[in-house]
Amino acid sequence: MIPEYLIRALLASVMISVLLGLLSPLINMKGLAFLTHATFHSLLFGAVLGMILGLIFENLGLIMWTALIITIVVVLTIAELEKKGFTPDAAVGIIASFVAGLTVLSFGILYKVMAEKPYFPFSENIVSYLTGEVFLITLNDLLTLVIGGAFIFFLMILLYRDFLYISFDPEGVESYGGNVRVYLMILYVIVGAIGALIVKTVGLITLQVIAVLPGAIAMMVSSNIKKILAVSLFLTLTVELLSIVMAYKTNIPPSGIATIMLGAIYGVLLFRR
């Protein structure tokens, strides 16, 4: 009989694969890898800040919502800097440096709060945001992932063609009356929202890999948009499910297995060129 926690992990992996499989080609086509890394790093700051608030107000639910709010604020700030004339790399670099400093500062505050209000699970919670804990996902966590993921999925499907247009021909979109900046801000928010929704199950380290490599690999094997999307979805789903099964059999963290598998596939394709 299949353990219940394994079923929950597999179901979570399916939703994660669909979201990242759709998002990864957009990240590569629009050149958002640097922004994605900075955005996901802001998740760690938001999570640590949420842990501080969770300890103070004795409410663990604040962690995810704080991480989501902080991440959205970060991506909107980056978009605002770009509007003021900063290049995308400069805008990301400026904000990322502030986020890095705030993350270190928040860790110091967290340790002081934990000393006053000892709560052992928080030490494990911090690690989970770095390495993931998909096997420990609860039914409530799964429901949140499915409901939130379904909303983001339908939003992406609704706007996916527009995202593709602004990736290849932003001037053309503007000439037809489209607002490229609005579409970019929506895409930035989607990147942050997906990260906040799944970071605890996948882990920050693996999230940065799975969000970028499937789309990059798909673009190496095909130039057709539909095939790129199909390969990205199939690859993400296959790697995620295989990593869960292998982790269950070997007791090795699934996040590490997924990262190695994607890196190996990318390396093989790169050297075969």
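Because the model is predicted, local features were considered only at pLDDT of at least 70 and side-chain atom pairs only at pLDDT 80 or more, whereas totals for chains, interfaces and linings use all residues. Residues are numbered from 1 along each chain as its sequence is written, and side-chain values use heavy atoms, with hydrogens and water left out.

Helices and strands were taken as DSSP runs (H or I of at least four residues for helices, E of at least two for strands) and are numbered from the N terminus. Helix α1 comprises the 27 residues 4-30, and at 1.5 Å a residue it should span 39 Å, a value with which the distance of 39 Å between its end C-alpha atoms agrees; the expected span is defined as 1.5 Å times one less than the number of residues in the helix. After α1 comes glycine 31, which has a positive phi near 70 degrees.

A polar atom of the serine 232 side chain lies 2.8 Å from the backbone oxygen of glycine 21. Serine 232 counts as buried because its relative accessibility is 0%, where buried means under 20% relative accessible area, exposed over 50%, and partly exposed in between, computed with a 1.4 Å probe and protein chains only. Leucine 242 also belongs to helix α11, and with a relative accessible area of 39% this leucine is partly exposed. The C-alpha atom of leucine 242 is separated by 9.5 Å from that of methionine 261, a residue 19 positions away along the chain.

Charged side chains were examined next. Side chains of opposite charge can pair when their charged atoms come close. Four salt bridges are present in the structure, each defined by a side-chain nitrogen of Lys or Arg within 4 Å of a carboxyl oxygen of Asp or Glu. Glutamate 80 pairs with lysine 84, with 4.0 Å between the closest N and O atoms, and also with arginine 181, for which the corresponding separation is 3.0 Å. Because glutamate 80 lies in helix α3 (residues 62-83) and arginine 181 in helix α8 (residues 180-202), the latter pair ties together parts that are 101 residues apart in sequence. Lysine 84 counts as exposed at 60% relative accessibility, whereas glutamate 80 is partly exposed at 31% and arginine 181 is partly exposed at 30%. A further salt bridge joins the side chains of glutamate 133 and lysine 200, at 3.6 Å from N to O. Since glutamate 133 is situated in the loop between α5 (121-131) and α6 (139-168), while lysine 200 is in helix α8, this pair connects parts that are 67 residues apart in sequence. Both partners are partly exposed, glutamate 133 with a relative accessible area of 21% and lysine 200 with one of 26%. Through shared partners, salt bridges join Glu80, Lys84 and Arg181 into one network.

Aromatic pairs were assigned to rings of Phe, Tyr and Trp (its six-membered ring) with centres within 6.5 Å, planes under 30 degrees apart being counted as stacked, over 60 as edge-to-face and the rest as tilted. The count by this rule is four aromatic pairs. One of them is formed by phenylalanine 107 and tyrosine 111, which are tilted, with 6.1 Å from centre to centre and 35 degrees between the planes. These two residues, phenylalanine 107 and tyrosine 111, are separated by about one helical turn because they are four residues apart in helix α4. Phenylalanine 107 is buried, at 18% relative accessibility. Phenylalanine 153 and phenylalanine 154 form an edge-to-face pair, with 5.3 Å from centre to centre and 70 degrees between the planes. Of these, phenylalanine 153 is partly exposed at 25% relative accessibility, whereas phenylalanine 154 is exposed at 57%. Ring pairs also link Tyr5, Phe135 and Tyr248 into a cluster.

A nonpolar surface patch is formed by Phe86, Ile94, Phe98, Leu102, Leu105 and Ile109, which together have about 550 Å² of accessible area. Patches consist of residues with over 30% relative accessible area and no salt bridge, like charges being joined within 9 Å and nonpolar side chains (Val, Leu, Ile, Met, Phe, Trp, Tyr) within 5 Å, and accessible areas come from the Shrake-Rupley method with a 1.4 Å probe, with only the protein chains shown counting as cover for residues.

Technical notes. Polar contact = N/O pair within 3.5 Å; in protein donor to acceptor, adjacent residues only side chain to side chain.
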